[in-house]
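Welcome to a short tour of a protein chain. Open your viewer, and we will go from stop to stop together.

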Amino acid sequence: MNKHIWKSAAAMALVSAMAAGCSQGGSASSTASSAAGSTDDSTAASTASSTASTASTAGGALGDTVKIGLNFELSGGVADYGTKELNGAKIAINQFNAREDKPFTVEGVEIDDKGEPAESINAIQKLIEQDGVVGVVGPATSASSIATYEFATSKATPVLSPSATQVDAMMKQDGTPYEYAWRICFEDSYQGKGMADYAYNDLGLRKVAVINEVSDYGNGLAKAFSEEFKSLGGEVVDETQYQSGDKDFASFITKLKDKDFDGIYIGGYYNEAAQIVKAAQADGIDKPIIGADGFDSQDFIDQVGTDAANNIYYTTAYTAIDPSDELKTFIEDYKAEYGEDPSMFAALSYDATNLLLSSLEASGETGAALNEAIKKADFSGITGSFSFDESNHTPVKSVLVVELVDGVQSNVKEVKAE
C-alpha cells in the first residue's frame, strides 16, 4: 500500500474548514460511549420523526464543556460493530481532552439503540432534546443511522455516520441529501464495484456464485458486484439470498456442486458469512471467498477459525498494514485501553469523532456554523484523506481489499471503482 494514501492527521489535528452562516446552540449532559457496525435494512428512515419541526439555524458559541452524542448498537445482533465504534469514539475524546491547548472539554453522552431503528429514533430525540448534545456520532448500521437524520436535521444538529454504507443512505425522497447528515464511509455500490474489479482483474475469477442477505445492505452489495462483474466479462452462475439469522446453508452448498464456478461472493454480515464459509470449507470447496466490510469483525475470524481463515478477501476502509506514525499511536492507545487491536469500525468512528471535534474547534459554534465547517472540511484521518461530495454527503475516498492469511489481514490493495 502507498503510504501517502494513509497519511493520517495527528490525533487532534485541526480540520482545514471554514465556518459560515449562523449556528445552533447546544448544551449537554450525561455519559460517554457508543458502538460499531456496517449497514442494514432501512425503511424506517423517513418515519424518523413525525413531530419534527422546521430546522432552526440559530445557535451560539461553545461553552467550557461541550457534549456530543454517541449513539451505537451496544446490544443486539450487531453489537460487535457498535461496541467497537464506541471504543474508537472514546479514544478520540480522551485524546482531545488530554491536549493542554484544548479550547473546551468534551463530554460524550452514550446511548444504546439496540440495533433497532425505532430505538435509534428515541435515542436521537433524547440526546438532542434532553441531553443537549451539539452533534452525534453513530449509529454503525444504515437503518439505525438513517432513522436519525430527519429529526437531527430539524434540530440543526449534525450527525456523522461512521459506517452507514447503504446506497443513497444520505438522501431524502426528493433526491437531495439530509442537510445535517454526513457519513465517513464509502457507499455499498462503490465497494461492490471495487470488489468486482478486484475479483476479475486481480484474482482472475470469471464465474462467481453470489449469495446475499435480504436487506438493503445485502441487496445493494450483490447488485453492484454482479452488474460490475458482468460488465467486465464475468458470469454470475448462481444468485441466492438468505435471511438475517439463518444458520443452515446446506442447500446453497449442495446447489453449488452442480455449478461451474471459481469463487463465491457473500453480501452480508459476519455471523452468516462465517457460517457460509464454514459450510463451504466443510464440503471441500476451496475456491476464493470474497465479500464486503461486513466481514470485518474478530467474531468472523473466531467463528471460521484462524487456521481456516484463508483464501478470503473483503473490502474495507481501514487496515493496520504499513501504518503511519499517527495510526501507530491510535493502535497503541486503543490496545492499552481495550486489550485488543482496533477494527475498521473503531477506526471509522475515531475519524468521525475527530472530524466532529475539529469542526467544532474550527467553527467555535454549533448548528449551521458547525455544519458548514463539516461540509467544507478537508480531512486527513486514519481511514484516509477526504473531502465531501456535497451532492450526497459522502466522502470521496478509495476502497481497500485485504486478504486473510491465517486470520490476519495481508496483501492490501487500493481499488478505485469507476
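What percentage of the 418 residues in the chain are buried? Buried residues make up 58% of them. Keep in mind as you look around that this is a predicted model.

**Stop 1: the whole chain**

Start with a cartoon view. You will find 11 helices and 16 strands. Now think about who touches whom. Among contacts between residues at least 6 apart in sequence, 77% join residues at least 24 apart.

**Stop 2: a hairpin**

Select residues 399-405, which are strand β15, and residues 408-415, which are strand β16. In which sense do β15 and β16 pair? They pair in the antiparallel sense, over 6 bridges. Together β15 and β16 form a hairpin with 2 residues between them. Click on D406 in the turn, which has a positive phi of about 50°. Then look at V405, which stands opposite V408 in β16.

**Stop 3: the largest pocket**

Rolling a probe the size of a water molecule over the atoms shows where empty space is left. In this model, the largest pocket holds about 520 Å³ of space. Select Q298, I301, D341, P342 and Q409: of the 24 residues that line the pocket, these are the closest to its centre.

Which helix supplies the largest share of the lining? Helix α8 does, with 3 residues. Show α8 (298-304) together with β16 from the previous stop, as each supplies at least two residues of the lining. Now colour the lining by type: 12 residues are nonpolar, 7 are polar and 5 are charged.

**Stop 4: two residues in helices**

Select S144 in helix α3 (residues 142-154). Is S144 buried or exposed? S144 counts as buried because its relative accessible area is 0%, under the 20% cut-off. Show its surroundings: leaving aside residues up to four places away in sequence, S144 touches E73, D113, G115, E116, P117, S120 and P139.

Finally, move to K328 in helix α9 (residues 325-338). K328 has a relative accessible area of 39%, so it is called partly exposed, a label for values between 20% and 50%. To finish, draw a distance line from the C-alpha atom of K328 to that of I382: the two are separated by 9.6 Å, although they lie 54 residues apart along the chain.

Note on methods:
Residues are numbered from 1 along each chain as its sequence is written. This is a predicted model: local features need pLDDT of at least 70, side-chain atom pairs count only at pLDDT 80 or more; totals for chains, interfaces and linings use all residues. Side-chain values use heavy atoms; hydrogens and water are left out. Two strands pair if DSSP finds at least two bridges between them. Helices (H or I, at least four residues) and strands (E, at least two) are DSSP runs, numbered from the N terminus. Buried means under 20% relative accessible area, exposed over 50%, partly exposed in between (1.4 Å probe, protein chains only). Contact means heavy atoms within 4.5 Å. On a 1 Å grid over the protein atoms alone, a cavity is a set of points where a 1.4 Å probe fits but cannot get out, and a pocket is an open set with protein on both sides within 12 Å along at least five of seven lines; lining residues have an atom within 4 Å of a point. Grid points are joined across faces, edges and corners, and a volume is the space filled by probe spheres set on the points. Ala, Val, Leu, Ile, Met, Phe, Trp, Tyr, Cys and Pro count as nonpolar, Asp, Glu, Lys and Arg as charged, and the others, Gly among them, as polar.
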